[in-house]
Amino acid sequence: MASGKMEEAVMRPVTLIRNEEISPRVHLISWRREDDFLPGQVVKLALGEGETPRIYSLCSGNREEEMAVLFNVREEGSLTPRMAALRPGDRLYVSAPYGTFLGDEAPAWWIASGTGIAPFYSMFRSGLGSHHLLVHGVRYLNQFYFGEELQREMGSRYVRCCSREGDGEVFQGRLTAWLQQQASFPSGTRYYLCGNPLMVVEARDILIAGGVPWGDIVAEIYF
Ligand SMILES: Cc1cc2nc3c(=O)[nH]c(=O)nc-3n(C[C@H](O)[C@H](O)[C@H](O)COP(=O)(O)OP(=O)(O)OC[C@H]3O[C@@H](n4cnc5c(N)ncnc54)[C@H](O)[C@@H]3O)c2cc1C
């Protein structure tokens, strides 16, 4: 059962269904969903029973048959290179979902860098997104994971920022530069930040300088 509280990390074996490299060195893996969860929650993953696990946002809808996670391969990392080499049928150890970075129907801006899009994609696939603006910042155009679907479904409420390439359609620059160009930030809106620590801190400072109350900012940092 999903809960908002940090739970004891009891790790349960699951069988991998899919492992797809959806962009260079970025993988989407999935297994059969056996738990309820709230969109925005995370799980702990490990390859062995006694191993120190790592934390990942769930990246699938909460009524879908499979549970998915999106991750970057850290070449020198202890888990991700081995996780990237898994094949369907291999075993993975997964904790129960937990966490308090939760989406709801209320108006919000979803601001993500890189694989930080995962919890927002989970929220979107769980039926949220009508009152939400999704801002995704990446370095290269092929890192707009799920971009076609998001563009089709969210239209102008999906803003793509690309810092090292352009195609005439996306905002060329970092997402923090896009934020800085906004004339104002709507009130009565929550601002969700997810991704690398530098982006989260810079975006938070821009929002606060733009008059967003501290209490309206929610952050999940991938460190
Ligand atoms: C709440 C939360 C949610 C997260 N969700 C996601 C997600 O959805 N997707 C995702 O991709 N990541 C996510 N992360 C990050 C994830 O948990 C891992 O930290 C990440 O995948 C790296 O794991 P790893 O074992 O491969 O690398 P690690 O072994 O943890 O190493 C990470 C980096 O540190 C370097 N390093 C390791 N040891 C040393 C050392 N002794 N000295 C110097 N450098 C060292 C490695 O070279 C590597 O580049 C999340 C983190 C948190 C806290």
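**View 1. Strand β4 gives the most to the shell around the ligand, with 4 residues.** Helices and strands are taken from DSSP runs and numbered from the N terminus, a helix being a run of H or I with at least four residues and a strand a run of E with at least two. This is a predicted model, in which local features need pLDDT of at least 70 and side-chain atom pairs count only at pLDDT 80 or more, while totals for chains, interfaces and linings use all residues. Residues are numbered from 1 along each chain as its sequence is written. Of the 19 residues around the ligand, those that come nearest are Phe 71, Glu 76, Gly 77, Leu 79 and Thr 80, where a residue is near a molecule or strand if its C-beta atom, placed from the backbone, lies within 6 Å of it. Two or more residues of this shell come from each of β4 (54-57) and β5 (66-72). By type, the shell divides into 9 nonpolar, 6 polar and 4 charged residues; here Ala, Val, Leu, Ile, Met, Phe, Trp, Tyr, Cys and Pro count as nonpolar, Asp, Glu, Lys and Arg as charged, and the others, Gly among them, as polar. Domain 1 (12-94) and domain 2 (108-221) each provide at least three residues of the shell around the ligand.

**View 2. The antiparallel sheet is an open one of 6 strands.** The strands follow the order β4-β3-β6-β1-β2-β5, and two strands are said to pair if DSSP finds at least two bridges between them. At the edges stand β4 and β5, each of which pairs on one side only. On average, and with direction ignored, neighbouring strands of this sheet are turned by 45° against each other; such angles run from 0 to 180 degrees between N-to-C directions, and the axes are lines fitted to C-alpha atoms, for helices over the stretch in contact. Strand β3 (residues 42-46) pairs with β4 in the antiparallel sense over 4 bridges, and the bridge partner of Leu 45 in β4 is Arg 54. Strand β2 (residues 26-32) and β5 are also antiparallel, paired over 7 bridges, with Val 26 standing opposite Asn 72 in β5. Strand β5 is mostly covered, with 5 of its 7 residues buried; a residue is buried if 20 or more other C-beta atoms lie within 10 Å of its own, exposed if 12 or fewer, and partly exposed in between, with C-beta atoms placed from the backbone.

**View 3. Domain 1 and domain 2 are in contact through residues of both.** The protein chain is divided into domain 1 (12-94) and domain 2 (108-221), with bounds that come from an automatic or database domain assignment. Their centres, taken over C-alpha atoms, are separated by 23 Å. The contact takes 16 residues from domain 1 and 13 residues from domain 2, two residues being in contact if their C-beta atoms, placed from the backbone, lie within 7 Å. On the side of domain 1 that touches domain 2, β1 (12-23) and β5 each supply at least two residues, and β5 gives the most, with 3 residues. The residues of this side divide into 7 nonpolar, 7 polar and 2 charged.

**View 4. The parallel sheet is an open one of 6 strands.** Its order is β10-β9-β8-β7-β11-β12, and the edge strands, which pair on one side only, are β10 (171-172) and β12 (217-221). Strand β7 (residues 108-113) runs parallel to strand β8 (residues 132-138) and is joined to β8 by 6 bridges, with Ala 108 opposite His 132 in β8. Helix α3 (residues 147-154) lies across β8 and β9 (158-162), running at about 140° to β9.

View 5. Most residues other than glycine have a negative phi. Is Arg 25 buried or partly exposed? Arg 25 is partly exposed, because 13 other C-beta atoms lie within 10 Å. Phe 146 is buried, because 20 other C-beta atoms lie within 10 Å.
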